[in-house]
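Subject: Handover of a structure and notes on its contents

Dear colleague,

Please find below the structure that I am handing over to you.

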Amino acid sequence: MKAILFQILKLGLRIIYAPIKLFKTKNRVVYLSRQSNDKSIDMIRLEKAIAEECPDTEQVFRLRMIPDGLGAKIKYCLGIIGDMYYLATSRVALLDTYSITVSCLNHKRSLKVVQMWHALGAIKKFGLQSVGTKEGRDEKISRAMCMHKNYDYILAPSKATAKLYMEAFGYPAENMKICSLPRVDEILTDNESSARFFSENPALGDKKIVLYLPTFRDREAYVAQELKVEFQDMEGYHLIVSTHPLFSKVKRDPDFFYNGTFSTYDLMKVADIIITDYSACAFEASILMKPLYFFVPDYEEYSAERGINVNLKEKMPSATFENAEDLCNAIKSGNYDLDRLYEFKSKYVENTKANNAEILAKFVSLLINN
């Protein structure tokens, strides 16, 4: 029934879009996202780089998360008409997630769509890879919503990641553009985050900071608790639990938090050691070449229900743990295989120089001018 409703919705959108496409195309780039109501660091850095590369190009941001409540949802749907207008009048569309208006509509041939996915890779399966799985989308609904259709280019930070994206988005190699995201520039930029952090958290100055960055999943609170128990009395270390944005409403445990406002990238720079699981932040963290560990107590279950792109036990065998006590013992030993980490980083993020926004801006410039 849902699939039929989506088909009707799609038809209605196409009827509305037909006359809107008669509007003249302008020297414009439009950004679309359902990830946040605010510009991501990728968008902020790319906006600046495009302004320098193409100063006469207008940049418009259509960033709206799907809200709660019937009235808010109706307002959101009306906003889709605005998205249609900007798609019809722009030369380039940049998006970092699935977009109904991009994938379900028939666009002018002059519009070029670039998918700059909101992660720097994919340890877990996603998109078309996970359709029909327990945590993935329903197959009929995915077809009805034209999941990930109409992209001209998909950014991938490496050839290895491009192969995964070909499966996840359903495109051949020629649609892949090997290019890291502008966030890599942010990670590599020294913004004195450590100095700011310890000025606001002086009691942590003599401790090694361990940052835990989990992915979003139902068992997260339970998994995090296992780490908290082990680190509670671990002398000389302080564990910071930085939850996934979708867990932002969860009450934070003050014993494993910090004072001040710091981005995830700031915390990565502050940390001495980073722990994650199936999160793509592992690729971001690897750029800093700090000890990176994977805590995956549900590895077999998660692999079966969601699916894994990167076999962590094979790629990072001495840094992957299913038991919290074993993980903490490995951290305390001080032994870490940095050669393995370098191989991991090099395989999944090819360009680790702070010039990714500039490279991408030049690419967008070519699309605008062509």
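Predicted model: local features only at pLDDT ≥ 70, side-chain atom pairs only at ≥ 80, totals over all residues.

I begin with Arg28, which is found in strand S1, a strand covering residues 28-33. Is Arg28 buried or exposed? Its relative accessible area is 4%. Since buried means under 20%, Arg28 counts as buried because of that value of 4%. The side chain of Arg28 makes a polar contact of 2.5 Å with the side chain of Thr89. Leaving aside residues up to four places away in sequence, Arg28 also has contacts with a number of other residues, including Thr57, Glu58, Val60, Tyr85 and Tyr86. Thr89 is itself among the residues that Arg28 touches, as are Ser90, Arg91 and Val92.

Next comes a sheet. In what order do its strands lie? The order is S8-S7-S9-S10-S11; the sheet is open, has five strands and shows parallel pairing. Strand S8 (237-241) and strand S11 (320-321) are the edge strands, and each of them pairs on one side only. Within the sheet, strand S7 (residues 208-213) and strand S9 (residues 273-276) run parallel and are joined by four bridges. Leu213 has Thr276 of S9 opposite it. Helix H14, formed by residues 324-333, packs on this sheet and touches S8, S9, S10 and S11. The direction of H14 makes about 170° with that of strand S10 (292-295).

The structure contains 24 aromatic pairs. One of them is formed by Tyr151 and Phe169 and is edge-to-face, with 6.0 Å from centre to centre and 70° between the planes. Tyr151 belongs to the loop between helix H5 (139-144) and strand S5 (153-156), while Phe169 belongs to helix H6 (residues 159-169), so this pair ties together parts 18 residues apart in sequence. Tyr151 and Phe169 are both buried.

Two rings have a charged residue over the face. Lys39 lies over the face of Phe61, 4.3 Å from the ring centre. In the other case, Arg64 is placed over the face of Tyr76, at 4.5 Å from the ring centre.

With kind regards

Notes: Residues numbered from 1 in each chain as written. Heavy atoms only, no water. Helix = DSSP H or I, 4+ residues; strand = E, 2+ residues; numbered from the N terminus. Buried < 20%, exposed > 50% of the residue type's maximum accessible area, 1.4 Å probe, protein only. Polar contact = N/O pair within 3.5 Å; in protein donor to acceptor, adjacent residues only side chain to side chain. Contact = heavy atoms within 4.5 Å. Pairing = 2+ DSSP bridges. Axes fitted to C-alpha atoms, helices over the stretch in contact; angles between N-to-C directions. Phe/Tyr/Trp six-rings, centres within 6.5 Å; stacked < 30°, edge-to-face > 60°. Lys NZ or Arg CZ within 6 Å of the ring centre and 35° of its normal.
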